[in-house]
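Biologist: I've got a new model open on my screen and would like a guided tour. Could you walk me through it, one question at a time?

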Amino acid sequence: MVDTLGLLILLLIPATNVQDSDAGQELRIDARYKSHRLKKIYADQGHKQWLVDWIQQWLAFVVEVVVKPSEQRGFQVHPKYWIVERFFAWLNMYRRLSKDYEQTVSSSEGVIYLASIHIMARKLVKLQHQTNS
């Protein structure tokens with residue numbers, strides 16, 4: 001889960017046989033307790049309607065599902081969804097994340113957290129440089 005700037009909020013690496021909706025429920029529960037300012041969540045069309053209804057009822061988030069238009073052919077940028085894809089592209093710039101080199105889920109999570117800290121630090125330095133100029 002990333003914010004609108006593309007910075008990491010929460011990370012959950014589920015098993016490969018777990019559906020997005022099933023993992024999404026756990027991720028959203030964590031988001032509720034760790035980020036009190038979170039009001040709206042954008043989700044891709046892989047999330048089932050039961051999860052959207054459950055989140056809105058129990059966690060009081062507004063959930064907007066970004067759906068691909070049925071007439072779409074080829075690649076097209078969708079509102080807000082590109083932010084997550086950009087974050088994945090940033091992670092691919094880190095050699096250890098370009099392939100699956102890690103042996104355990106916890107080491108994969110650690111490398112992703114290190115990369116996101118580096119991304120945040122670079123953005124802060126750039127912002128500070130712009131304000132001082």
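**The core and what surrounds it**

Modeller: Let's begin inside. The largest nonpolar core is built from 12 residues: V2, L7, L8, I83, F87, L91, Y94, L97, V111, I112, A115 and I119. Keep in mind that this is a predicted model.

Biologist: Which element gives the most residues to this core?

Modeller: Two elements give two or more residues to the core, α3 (81-92) and α5 (105-132). The top contributor supplies four residues, and that helix is α5.

Biologist: Leaving aside neighbours within four places in sequence, which residues is L91 in contact with?

Modeller: L91 is one of the residues of the largest core. With neighbours up to four places away in sequence set aside, the contacts of L91 are L97, I112, A115 and I119.

Biologist: How many residues does the second, separate core have?

Modeller: Among its members are L27, L38, V52 and F61. This second core is separate, and its residue count is 11.

Biologist: What share of the protein's residues is buried?

Modeller: The C-alpha atoms fill a box of roughly 45 × 40 × 40 Å along the principal axes. The protein has 133 residues, and the buried ones make up 29%.

Biologist: What percentage of the contacts with a separation of 6 or more comes from residues 24 or more positions apart?

Modeller: Contact here means heavy atoms within 4.5 Å. Taking the contacts with a separation of 6 or more, the part from residues 24 or more positions apart is 52%.

Biologist: Are the rings of F87 and F88 stacked, edge-to-face or tilted?

Modeller: The count of aromatic pairs comes to one. In that pair, the ring centres of F87 and F88 are 6.4 Å apart and the planes stand at 50 degrees. Under 30 degrees would be stacked and over 60 edge-to-face, so the F87 and F88 pair is tilted.

Biologist: Is F88 buried, partly exposed or exposed?

Modeller: Buried needs under 20% relative accessible area, and exposed needs over 50%. F87 has 4%, so F87 is buried. F88 has 44%, so F88 comes out as partly exposed.

Biologist: Which element gives the largest share of the pocket lining?

Modeller: The largest pocket has a volume of about 1,500 Å³. It is lined by 46 residues, and the closest to its centre are M1, V2, L27, V84 and F88. Elements giving two or more lining residues are α1 (20-34), β1 (40-44), α3, α4 (95-98) and α5. The largest share is eight residues, and it comes from α3.

Biologist: How far apart in space are A43 and V65, C-alpha to C-alpha?

Modeller: A43 is in strand β1, and at 5% relative accessibility it counts as buried. Beyond four places in sequence, A43 touches R28, E64, V65 and V66. A43 and V65 are 22 residues apart in sequence, while their C-alpha distance in space is 4.7 Å.

Biologist: How far apart in space are Y113 and S70?

Modeller: Y113 lies in helix α5 and is partly exposed at 35% relative accessibility. Leaving aside neighbours within four places, Y113 is in contact with L8 and L11. Y113 and S70 are 43 residues apart in sequence, and from C-alpha to C-alpha the gap is 36 Å.

Biologist: Is S108 buried or exposed?

Modeller: S108 sits in helix α5. Neighbours within four places aside, S108 is in contact with I13, D100 and E102. Its relative accessibility is 13%, so S108 counts as buried.

Terms used
Residues are numbered from 1 along each chain as its sequence is written. This is a predicted model: local features need pLDDT of at least 70, side-chain atom pairs count only at pLDDT 80 or more; totals for chains, interfaces and linings use all residues. Side-chain values use heavy atoms; hydrogens and water are left out. Rings of Phe, Tyr and Trp (its six-membered ring) pair if their centres lie within 6.5 Å; planes under 30 degrees apart count as stacked, over 60 as edge-to-face and the rest as tilted. Buried means under 20% relative accessible area, exposed over 50%, partly exposed in between (1.4 Å probe, protein chains only). A nonpolar core is a set of buried Ala, Val, Leu, Ile, Met, Phe, Trp, Tyr and Cys residues joined through side-chain atoms within 4.5 Å. On a 1 Å grid over the protein atoms alone, a cavity is a set of points where a 1.4 Å probe fits but cannot get out, and a pocket is an open set with protein on both sides within 12 Å along at least five of seven lines; lining residues have an atom within 4 Å of a point. Grid points are joined across faces, edges and corners, and a volume is the space filled by probe spheres set on the points.
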